[in-house]
Amino acid sequence: MKIAILPGDGIGTEIVAQAVRVLGALDLRFETETALVGGAAYDAHGHPLPEATLKLAQGADAVLFGAVGDWKYDKLERALRPEQAILGLRKSLGLFANFRPAICYEQLTHASSLKPELVAGLDILIIRELTGDIYFGQPRGRRIATDGHFPGAEEAFDTMRYSRPEIERIAHVAFQAARKRKASGSEGRVTSVDKANVLETFQFWKDVVSEVGLQYPDIALDHMYVDNAAMQLVKAPKRFDVVVTGNMFGDILSDEASMLTGSIGMLPSASLNSSNQGLYEPSHGSAPDIAGKGIANPLATILSAAMMLRFSLNQEASALRIEAAVQKVLAQGLRTADIYSEGTTRVSTREMGDAVVKAL
Ligand code: NAD
C-alpha cells in the first residue's frame, strides 16, 4: 500500500504529522512518501503542484492531504495560487466522488448550533459529484476582464449539464456506500437530491438515479428537491442515511451538514475515482490564523486517514479502530482549543495525536 503524504501549508504540516503517527501505530505495512504542495511547493519550485508531486500522487493508492493556502498568495495569478493544486489533483486523478460524512460525537453534541436531541447520534454521509454540473458547463472562460468581472455587460450565464455515465457512476458509488453502511447497522437508504421540478438536467439526474437504483433492491431510494433537503437537514437531519447530489447542490449541502456537528476541526473528507484511488483531507483549510501554534485539531485529518483505510486500502478493521480511538479520547475529556468547553482538558495538537496513538 503506497500513500502519498502531501501536508501543504499552515496547520497542514502539524495535523498531517499526527495522522501519520496514528497510521504508523497500526499493525499494517505502508510505503509512504512526502512531497510539497500548495504555497510550500510554490515557494520551493514556483508551482503549487510540481510535476514530481503530481507523479507521486498518481503512483500512490491514496493521497493524504493536509490543507493549502495562505493570504500571502492572494496576489498571485489564479493558476499559481495554492488552491489550484487541489483542482489539479482532482482533475488528473479523475476524482469524481466527494464523500463528506457528518457525524455528531456524543461528547460534542452541545457544540452544534442545533438542539442536542436533533443531532445526538447523527451519522449521515453526503456524496457530491465533483466533475460535472454548472461548474463545468459553457461558457466557461469567457470572462472579458482579468479581474473576473464584466464591465458594462447586460447578461451573464452558465450552462448546467450532466451526462448519463457521470450520473450512473456517482449513483453506483452512493448505493454501494449505503450497502456498506447497512452492513454496519445503518438504514440502507439513498436520498437523491435534485431540482427536477424546474431543471431538465435534474429530471434527467432523477431518472438515471432511479434506473441505477433498480440494481440495488436491498437499498431504499427516495428523491428530494434541494430546497426541501436544505430544510430537512436542519429540521430532522437524522432522517437521512446517504445523500447523493450534483456538484453545486452538494457543495452547499455538504457545508450545511458539516455545521450540524459543531466543529470544522472534526470533519474528514474523501474524493475518489473509479478505481477507488482517493484523496483524503480534512474539510477545513490551512487556518493561517493558528498555524505554528500547536493548537490545531488533528482529528479531522486522523479521521480522513481512517476513511483512506476504508475506501482506498480496504482495511475496514483498522478504520474502525481509529474511529473508536477518537471516540475514546473524546470520552476521556481531551479537547483541542476549537472544541474545548468547561470541565474538559485542553490539549495541544501533538498531545491529541499522542492520546489517539495510546488509545489505539
Ligand atoms: P479555514 O478552514 O482555514 O479556517 C476557518 C477557521 O476555522 C479559522 O478560524 C481556523 O483557525 C479554524 N480552523 C480550521 N481548521 C481548524 C482545526 N483543525 N483546528 C482548529 N481550528 C481550525 O478557512 P479560511 O480561514 O477561510 O481559509 C484559510 C486558507 O485556507 C485560505 O487560503 C483558503 O483558501 C484555504 N482553504 C484551503 C482548503 C483546502 O486546502 N482544502 C479549504 C478551505 C480553505
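Student: How does Arg164 count by relative accessibility?

Tutor: Under 20% relative accessible area is buried, over 50% exposed, and in between partly exposed (1.4 Å probe, protein chains only). Arg164 has 34%, so Arg164 is partly exposed. The model is predicted: local features need pLDDT of at least 70, side-chain atom pairs 80 or more, while totals for chains, interfaces and linings use all residues. Residues are numbered from 1 along each chain as its sequence is written, and side-chain values use heavy atoms, without hydrogens and water.

Student: Which residue meets Arg164 in a salt bridge?

Tutor: A salt bridge puts a side-chain nitrogen of Lys or Arg within 4 Å of a carboxyl oxygen of Asp or Glu. Here the partner is Glu211, at 2.9 Å, N to O. Arg164 sits in helix H6 and Glu211 in helix H7 (residues 200–213), so the pair ties together parts 47 residues apart in sequence. Helices are DSSP runs of at least four residues, strands of at least two. Glu211 is partly exposed, at 39%.

Student: How many salt bridges does the structure hold?

Tutor: The structure holds 20. One of them joins Arg181 and Asp123, at 3.3 Å, N to O. Arg181 lies in helix H6 (residues 164–183) and Asp123 in strand E5 (residues 123–129), so this pair ties together parts 58 residues apart in sequence. Arg181 is buried at 13%; Asp123 is partly exposed at 36%.

Student: Which residues form a network of salt bridges?

Tutor: Glu187, Arg189, Asp222 and Arg239 are linked that way.
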